[in-house]
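Let's take a walk through this model together, with the structure open beside the text. We will go from a pair of strands to a few individual residues.

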Amino acid sequence: MTIILMGVSGCGKTIIGQMLSKQLGLPFFDGDRFHPASNVNKMRSGIPLNDHDREPWLQTLSNHISEQEERGGSILACSALKRSYRDILDKKKETKVIFVHLKGSAELISRRMSKRNGHFMPLKLLTTQFEALEEPRGGITISIDQSPQSVVEEIVSKIRVPK
């Protein structure tokens with residue numbers, strides 16, 4: 001099973017992924033760590049990525065998902081803002097990929113982003129992320145307007161964990 005925690009920057013994908021990893025015993029990977037330096041530099045400079053920028057990154061993540069599926073699955077934090085991006089990530093429809101959309105208001109996420117340090121994604125790009133976001137049909141949508149532990153508990157309650 002692969003769980004992809006998706007949503008705009010600042011929605012809590014990393015913290016939820018780390019907590020979920022401990023609870024489910026699946027390895028956690030932060031998709032941001034797979035970006036090429038050119039993408040990171042572009043975002044750090046306040047320039048939003050376009051589909052062309054994202055495609056090699058998404059292909060790399062897709063290959064990583066396939067490798068991890070062979071090892072029993074994983075949890076991946078990845079914005080996966082558009083359906084076309086999610087289609088690339090879930091290219092092997094026979095694998096068990098569950099998309100979990102961590103959904104929050106622009107105001108809530110903006111407050112969270114303004115408090116974090118050391119991340120390359122500047123607050124000024126949040127608007128472009130919301131503009132690009134195509135909310136998923138299917139999968140699981142969880143409100144992030146609750147504690148991280150409550151978010152994790154809700155995710156666990158909505159997925160079927162293989163025994």
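Start at Val100, which stands opposite Ile140 in S5. Here helices (H or I, at least four residues) and strands (E, at least two) are DSSP runs, numbered from the N terminus. Strand S4 (residues 97-103) and S5 pair in the parallel sense over four bridges; two strands pair if DSSP finds at least two bridges between them. S5 itself, residues 140-143, has Ile140 and Ile142 on a covered face, while Thr141 and Ser143 lie on an uncovered one.

A word on what you are viewing: this is a predicted model, in which local features need pLDDT of at least 70, side-chain atom pairs count only at pLDDT 80 or more, and totals for chains, interfaces and linings use all residues. Residues are numbered from 1 along each chain as its sequence is written, and side-chain values use heavy atoms, with hydrogens and water left out.

Next, find Phe28 in strand S2 (residues 28-30). Leaving out residues up to four places away in sequence, Phe28 touches Lys13, Thr14, Gly17, Gln18, Ser21, Ile75 and Ala77, where contact means heavy atoms within 4.5 Å. Thr14 is 14 residues from Phe28 in sequence, and their C-alpha atoms are 8.7 Å apart.

Now move to Ser79, in the loop between strand S3 (74-77) and helix H4 (83-89). Ser79 counts as buried because its relative accessibility is 11%; buried means under 20% relative accessible area, exposed over 50%, partly exposed in between (1.4 Å probe, protein chains only). Beyond its neighbours within four places in sequence, Ser79 is in contact with Met6, Gly7, Lys13 and Trp57.

Finally, Cys78 is buried, at 1% relative accessibility, and Cys11 is buried at 1%.
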